Amino acid sequence: MHIFYYPEHTRHDPALLHRPDMPQRNAYYAEVAERGELIHTAVVEAGLGSVSLPGDFGLEPIADVHRHEMLTLLQRAYDGFLLEAGTEPAIPNTFSVRNPLHRRSQTILGLLGQYCFDTSSPIFKDTWDVAYWSAQTALSAAALVTAVGEQISYALCRPPGHHAAADLFGGFCYLNNAAIAANWMVQQGQRVAVLDIDYHHGNGTQAIFYGRSEVLFCSIHADPFKEYPYYWGFADEYGRGAGKGYNFNFPLPLDTEEPAYLIALDKALTRIRAFVPDALVLSLGVDTAVGDPVGGCRLERESYGRIGAQIGRLHLPTVVIQEGGYLLPTLGYNVVTFLKGLTQATE
Ligand SMILES: [Zn+2]
């Protein structure tokens, strides 16, 4: 297995917003730079494979997935907001909840409310640059599997991406790394299944592929009636138009433990097998771990090995994209255990 990692991701760090007096200070801005460093240390110490810097595939594969106006906003929001509001980072506080996008705001704050759906994705000075390299990390892993023929590659992406849609970001995410990788693989002639096992529904990935039949999207996540992102991820969301029948959600009750989780996973894998894909893009979130400050499942450390093995038995070329996981003491171990289970099952 080969690993891609961009060490300068630490230039984007919402931990800067933690204040001792903030309630749930570890939960709301839980997507901290330390996460990437902990996972990196753990995969290196476990000897899972060699680690490379990502290559630069340019803006085109990102622009093939995301709307131009949102990319421009992500690039200029920090400077514009600083000028406009005299403070940083850029965070929206007013949202274009039910209005269409045809009237374009002339302010950064107004634009943020049009292209962002919550307040958990602050834009710092280097956020655009780090998000760009997170997407390049995913593309590098995709290229290794698609063009070079590696069986498994791991993109240690930070920030994560699965909540970001074509023209809407939020949920600690800016660019949808998994969708950018999957879309690029489709352009190379691959039939791609995306499996999202983050604790939260991958609403951005679902939205990007909702009308398309050449990418299957399956997501196992907490019941959106009870959990973020609240408005997407229900079991009856099957796709639209040509994409109808290519989207499957498997919402789980809060406090789900391993046996019920593995049954849902088996159902998702059955859908994936029936699709007969050339390759799998896996959105790996380990915020399903018991005690995760943002999660509410009850998976133990050893569960991740069995989940990895069950996915590995698909015997598909697999691009693993890091999404969530916020319980710092066990984060690295859970990712390593998953990747070991995945690789051992494919050998
Ligand atoms: Zn998550």
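Let's start with H315, which sits in the loop between α10 and β8 (318-322). Keep in mind that this is a predicted model. H315 has a positive phi of about 55° despite not being a glycine, and at 46% relative accessibility H315 counts as partly exposed.

**Helix α10**

- The twelve residues of α10 should span 16 Å at 1.5 Å a residue, and the 18 Å between its end C-alpha atoms agrees with that.
- Nine of the twelve residues of α10 are buried, so the rest of the structure largely encloses this helix.
- The buried residues of α10 are S303, Y304, G305, I307, G308, A309, Q310, I311 and G312.
- As for what they pack against, the buried residues of α10 meet β4, α9 (258-275), β7 and α11 (328-346).

**The zinc site and strand β7**

- The zinc ion gets its protein donors from D198 (OD), H200 (ND1) and D287 (OD), at 1.9 to 2.1 Å.
- Along the chain, these zinc donors follow the spacing D-x1-H-x86-D.
- S283 belongs to strand β7 (residues 279-284), and S283 counts as buried because its relative accessible area is 0%, against a cut-off of under 20%.
- Beyond its neighbours within four places in sequence, S283 is in contact with H162, A178, L195, D196, I197, D198, I321 and E323; one of these contacts, D198, is also a zinc donor.

**Nonpolar cores**

- As background, nonpolar side chains in soluble globular proteins tend to be buried together.
- The largest nonpolar core here has 55 residues, and the ones with the most contacts inside it are L112, I123, F169, L175, V281 and I321.
- Helix α6 (residues 127-148) gives the most to this core, with twelve residues.
- There is also a second, separate core of 44 residues, with I39, F248, A289 and F338 among its members.
- With neighbours within four places in sequence left aside, I123 is in contact with L74, A77, Y78, P89, A90, L112, F169 and Y174.

- L74 lies in helix α4 (residues 68-85) and is buried, with a relative accessible area of 4%.
- The C-alpha atoms of L74 and Y115 are separated by 9.4 Å, though the two residues are 41 residues apart along the chain.
- V335 lies in helix α11 and counts as buried, at 0% relative accessibility.
- Setting aside residues up to four places away in sequence, V335 touches I39, Y154, L284, V286 and Q322.
- L284 and V335 are 51 residues apart along the chain, and their C-alpha atoms are separated by 8.4 Å.

**Rings and charges over them**

- The structure holds 14 aromatic pairs.
- Ring pairs tie F117, Y228, Y230, Y231 and W232 into a cluster.
- R191 lies over the face of F275, 3.9 Å from the ring centre.
- R301 places its charged end over the ring of Y333, 4.9 Å from the centre.

- For context, most residues other than glycine have a negative phi, and most peptide bonds are trans.
- Y230, a member of the ring cluster, has a positive phi of about 65° although it is not a glycine.
- Y230 is found in the loop between β5 (215-222) and β6 (247-252), and at 41% relative accessibility Y230 counts as partly exposed.
- The peptide bond from E88 to P89 is cis, with omega near 0°; P89 is in the loop between α4 and α5 (108-115), and is one of the contacts of I123.
- R158 and P159 are also joined by a cis peptide bond, with omega about 0°, and P159 lies in the loop between β3 (152-155) and α7 (177-187).

Terms used
Residues numbered from 1 in each chain as written. Predicted model: local features only at pLDDT ≥ 70, side-chain atom pairs only at ≥ 80, totals over all residues. Heavy atoms only, no water. Helix = DSSP H or I, 4+ residues; strand = E, 2+ residues; numbered from the N terminus. Buried < 20%, exposed > 50% of the residue type's maximum accessible area, 1.4 Å probe, protein only. Contact = heavy atoms within 4.5 Å. Donors = N, O, S within 2.8 Å, 3.2 Å for Na, K, Ca; no water. Expected span 1.5 Å × (residues − 1). Phe/Tyr/Trp six-rings, centres within 6.5 Å; stacked < 30°, edge-to-face > 60°. Lys NZ or Arg CZ within 6 Å of the ring centre and 35° of its normal. Core = buried A, V, L, I, M, F, W, Y, C linked by side-chain atoms within 4.5 Å.
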